[in-house]
Amino acid sequence: MDLHNSLLRILGGFGHHGDRDTLTLNVLLIGERQSGRSSVGNALIGGEEFQTGIGVTTEHQLLSRNFQSFFRRQGAESDLTLRVVDTPPIFPRPQNVRELCPEGVHVLVLVARADLLHDNTHLEEQVEILFGPEWRRQALLVLTHADHLKEAGLQPLDYLTQASDWLRALAQEVGGGVSFLDNTRDWPSIRGRPLRERLLRLSARNHHRALTVRTEVSL
């Protein structure tokens, strides 16, 4: 690989994989305990590698998957490689994020349960300490257990109008908007495709720039 393509890959830009371009994106999952971060991670990679339902995640986990010919760029098919990092609740350790994503984080995925009430204003404060005030542009909100909304006869838009002030404000602030994840569906590859497409669109709007952990953070 020549120097130009090496630099592009380091910056989260386009490198080459065989005859196709490859876009590599780092994705960081952030949420409270039992929020469904592992389920979101499995949906993103289209598998069952992140362990779910076995207690609290205590260590950072990194899983990667390449999706061949996932999108087209300038008329040519391109691969998408996602490097997904699951974090302990709530606050990821800065040194671990630096080690797992030395080139930075392209998309922050904030995970919360749709079937629980939320007033978690400290989450935003902690993320801002880690990445600075620009993090909202590169974040999206995923609400898990959306099947409970169907059981209650609620549509997603109706749910958001009735949500807590904090959650409603967060949904309006994040650049990637809100996605709902139905936890009753068995195939992560099916429920994950719309989520991957939303993530890719968000990163493209930010020109695939990466957020880096602020150097003064050493928690």
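How many helices and strands are there in the chain? There are 8 helices and 7 strands, where helices (H or I, at least four residues) and strands (E, at least two) are DSSP runs numbered from the N terminus. This is a predicted model, in which local features need pLDDT of at least 70, side-chain atom pairs count only at pLDDT 80 or more, and totals for chains, interfaces and linings use all residues. Residues are numbered from 1 along each chain as its sequence is written, and side-chain values use heavy atoms, leaving out hydrogens and water.

**The whole chain**

- Of the 219 residues, 51% count as buried (under 20% relative accessible area, with exposed meaning over 50% and partly exposed in between; 1.4 Å probe, protein chains only).
- Among contacts (heavy atoms within 4.5 Å) with a separation of 6 or more, 73% join residues 24 or more positions apart.

**Helix H7**

- Helix H7 covers residues 165–173, and Trp166, Leu167, Leu170 and Ala171 are buried in it.
- These residues are on the same side of H7 because they cover an arc of only 130° around the axis, taken from the directions from the helix axis to the C-beta atoms.
- An α-helix has 3.6 residues a turn, so residues three or four places apart point the same way.
- Asp165 and Gln172 are exposed, on the face of H7 turned away from its buried side.

**Ser64 in strand S3**

- Ser64 belongs to strand S3, which runs over residues 61–73.
- Apart from neighbours within four places in sequence, Ser64 is in contact with Thr81, Leu82 and Arg83.
- A polar atom of the Ser64 side chain lies 3.4 Å from the backbone oxygen of Leu82.
- Ser64 and Val84 are 20 residues apart in sequence, and their C-alpha atoms are 6.1 Å apart in space.

Key
Polar contact = N/O pair within 3.5 Å; in protein donor to acceptor, adjacent residues only side chain to side chain.
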